[in-house]
Amino acid sequence: MAESKTSDRLSTFLKSGVYRFEGSNAVFVDPVRVLNRSYTRFRVSPSAYYSRFFESKNTTKEPTISTCSRKRKRKQKKAYTLNERERVADQRHQEVRPLLLKAHEALLAATDLLKFVRNLRSDGCSPEECGDLLLPSLEQSFVELGSVWQAPLYEITLNFPQYSEPTDDGGSPIVQSPEQKVIPMFNNLVINETSRDVETEFLNSKYPTLPNHYFLSLPIKATDSYRGSSASLMGDKQGEVAGLLREELFPSWGVKYMASLYWLKVNADGLLTSELDLFHHRPYECLLVGYCHGGAVDSECLSRFKPILDNQVFISVPGDYSRKPPIGELLLEYVPGVKPARCIELFAREMIAGWTSWGNEPLHFQESRYFLRTTDA
């Protein structure tokens, strides 16, 4: 009977991309299979999606780095004192840690699934196709850079633009000159706490950022989706901004907090992408789920509302940098109202079937290099 259930779960996984562990609140997700269910003429290339975390552990470059690292470990390190926000985040980590370990144990025990996970990058892709579509990594791996002995030496530059600040007496505005702020990159929380757009620079790469107040001012209540109902998700990598999300952002959007979910990141061999207790590079992200409804949702609809289960864990091998796994479908069963639900993804970087993608880069991962043409197209 147990073998039959395992076979059924595997069969479902191969079709849907979702594997549900028996007796666990965790699921494993293969984003490539989930996304490819929406395409006919094309399909997402596994080798292009999984551009990381499939390298062999035996091919580590520059062995001298590890040697220097061992030498530096002998030196006495300065005691690092957590600030208030970091202490709250660490307390939250200690609370969720057993939950994540249990979910990871469920994955490691599913040896049948792990056989498929190890081959996700080449799954359904011929050697010729996979060889042609292997993409060079154009971005730095912050996890790798943060683990070498030079990590404390890396700095990130915040470039503040010139701006005009009005005076209280209504006189001529005060012009503030451009300025730079250089701060440590690792073991540090980098936040734009100003009311201005800031461009950050790290290792010759530039990244535009947005001030916190920008998100507070988004007109969520004016969107068409608000007229019905919607589930709102916000990712929080270290748990350090959960207070901002729950206490300021959600109320400003008219969203009621419902539950916390966790995305646990693993390598192709099933091991975590980094140490679970590594403070600033933990291998998981927290998603805060909220609910809002408008006049289009009647009392009968609300009576059919299915409360979302708290502390669910979904596991996957990460794709490219900043690419989140498509888990919206897993949440739709908790959204009341007319089906299919009207969904929108804010700051989207790819198109998802049935969803409206909004942001500056909704076509970022829609480039042809991320896809293969099907043989019958």
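Reader: Where does F347 lie?

Author: This is a predicted model. F347 lies in the loop between β14 (343–346) and β15 (355–358). Look at its backbone: phi is positive, about 60°, although F347 is not a glycine.

Reader: Is F347 buried, exposed or partly exposed?

Author: Buried means under 20% relative accessible area, and exposed means over 50%. F347 has 35% relative accessibility, so it counts as partly exposed.

Reader: Which loop holds N311?

Author: The loop between α11 (299–303) and β13. N311 has a positive phi of about 65° and is not a glycine. Its relative accessible area is 29%, so N311 is partly exposed.

Reader: Which way do the side chains point?

Author: General idea: in a regular strand, side chains alternate between the two faces of the sheet. Now the case here. Q312, F314 and S316 point one way from β13. V313 and I315 point the other way. Residues on both sides are buried.

Reader: What pairs with β13?

Author: Strand β2 (residues 26–29) pairs with β13 in the parallel sense, over 3 bridges. There, F28 stands opposite I315. Strand β11 (residues 256–265) also runs parallel to β13, joined by 5 bridges. In that pairing, W263 stands opposite F314.

Reader: Now a helix. How do I read α5?

Author: Start with its span. Helix α5 (residues 84–109) has 26 residues and reaches 38 Å from first C-alpha to last. That is close to the 38 Å expected at 1.5 Å a residue.

Reader: Where does α5 bend?

Author: At V96, by about 40°. A proline, P98, follows within four residues.

Reader: What caps the N-terminal end of α5?

Author: N83 does. One of its side-chain oxygens lies 2.7 Å from the backbone nitrogen of E86.

Reader: Which residues of α5 are buried?

Author: General idea: an α-helix has 3.6 residues a turn, so residues three or four places apart point the same way. In α5, the buried residues include E86, A89, H93, V96, L99, L100, A103 and L107.

Reader: How many helices and strands does the whole protein have?

Author: The protein has 12 helices and 16 strands. Of its 377 residues, 40% are buried. The accessible surface is about 22200 Å², with 52% belonging to carbon and sulfur atoms.

Note on methods: Residues numbered from 1 in each chain as written. Predicted model: local features only at pLDDT ≥ 70, side-chain atom pairs only at ≥ 80, totals over all residues. Heavy atoms only, no water. Helix = DSSP H or I, 4+ residues; strand = E, 2+ residues; numbered from the N terminus. Buried < 20%, exposed > 50% of the residue type's maximum accessible area, 1.4 Å probe, protein only. Areas by Shrake-Rupley, 256 points an atom, 1.4 Å probe, with all protein chains shown as cover. Pairing = 2+ DSSP bridges. Expected span 1.5 Å × (residues − 1). Bend = angle between axes of the 7 residues up to and from the residue. Polar contact = N/O pair within 3.5 Å; in protein donor to acceptor, adjacent residues only side chain to side chain.
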